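Hello,

Here is the structure we talked about. My notes on it follow below.

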Amino acid sequence: SNIFKIDILNNILYKIYALIYLNCERFKKTAKNVFFLSIRLSALIMNIKDKIKTIIVDKPLKLDCGQVINNFPLAYETYGTLNEKKDNAILVCHALTGDQFVTGLNPVTKKDGWWSYAVGPNKSIDTNKYFIICVNVIGGCMGSFGPGHINPETKKIYGTDFPVITINDIVNAQVNLLNHFGIKKLFSVVGGSMGGMQVLQFVSNFPEKTKTAVPIACTSSHSAQNIAFNELGRQAIAADHNWSDGKYSSNNSVPDKGLAVARMAAHITYLSKIGLQEKFGRKLQERDDLKFGFDADFQIESYLRYQGSVFVDRFDANSYLYITRAMDYFDLVKQFNGNLSNAFKNTKAKFFIISFTSDWLYPTQENKDIVIALNAIGADVGFVEIESDKGHDSFLLEVPDFLKALKNFLDKSYLGN
């Protein structure tokens, strides 16, 4: 029924577009943007429905906010083959703007999976050897229960009536996939950035459910600086008049400008000063001199605008609000009354913590704090700081030392299975 409504909307928008185009020259660009954004979104929704694997969780889950959800969908993807002993499974946890399509071609966006450098045949996380599971987080927009779903009580899209979720809620939801596959114990749980937070929370919540854990470029509690950057993004979305207090789906509008700015601001934090300088410097964008206007004179401006524009084609603004909120609420130290060690005291899992020299979003010291907490209880923990000028995004990119370290840890740990 949603697709039928979208088809009607497209028909109406096409007529409006034609009228504007024929009668008013100055609004041609606006008309085109509205019409073609609608086309892209309808295509995305139809692709999502056709191309994703989903389970319905038919048992209640009490969220940290106090609400209870039940009969909710979890979208997931798998790679490789689960062996007979079911001891070769790796749960990969995605970051803020990731999804379940870790590697290969994303069937919805038609782009490469977000961790294609690390996951695949003979790669760091070897799909010839391991069975990889990745779940779209609740609150997300790639099929799992989120603000874009219909509220059964009101028969309208949730929008900002969706309950606020936490990393704890996300982990408690995704563990249902292990039950679905009959996996009693994972070989590993792995993730970077927000994915790393899920790794820490998973081991804390389910200390016997994984043999190894690899939190990458993450933290045990979100810093004031990171909360500030997330708030900047949320306010950019809220300031877009199309946001309509989160009810933009009902108004057939999209806060694309606000979401694009949020993505631009966040993207800067994923890079490093040295990396930006080396890649862009003060190079001009397809021009010989400054134009003395507000178009993108510099390549870095053009790059950021591009990052913002392509992001709105694949991500939902309300999901961005909810997931950044979950990151901001993450605080394992507080959850365990100021003693991070207690979060891990019941697990025998073998840890491997990875950080990057140029990551100023989740700096090495915040990763080392996790190592110190694990050492304090005599846990089996390894740590490596990888030299890289690619900033926080290093874990997503082709950084040979990182990929080699990850592969070595997993393969050697698996030999002892």
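Glu286 is exposed, at a relative accessible area of 77%; exposed means over 50%, buried under 20% and partly exposed in between, with a 1.4 Å probe and protein chains only. This is a predicted model, in which local features need pLDDT of at least 70, side-chain atom pairs count only at pLDDT 80 or more, and totals for chains, interfaces and linings use all residues. Residues are numbered from 1 along each chain as its sequence is written, and side-chain values use heavy atoms, with hydrogens and water left out.

Glu286 sits in the loop between helix H8 (273–279) and helix H9 (299–311). Helices (H or I, at least four residues) and strands (E, at least two) are DSSP runs, numbered from the N terminus. Although Glu286 is not a glycine, its phi is positive, at about 50°. Phe292 is also found in the loop between H8 and H9. Phe292 has a positive phi near 55° and is likewise not a glycine, and it counts as exposed at 77% relative accessibility. For background, most residues other than glycine have a negative phi.

Ser394 belongs to the loop between strand E14 (380–386) and helix H13 (400–415). Ser394 is buried, with a relative accessible area of 0%. Apart from neighbours within four places in sequence, Ser394 is in contact (heavy atoms within 4.5 Å) with Phe356, Ser358, Ser388, Val399 and Phe402.

On the cysteines: the structure has 0 disulfides, a disulfide being a pair of cysteine sulfur atoms within 2.5 Å. Cys141 is partly exposed at 21% relative accessible area, whereas Cys218 is buried at 0%.

Regards
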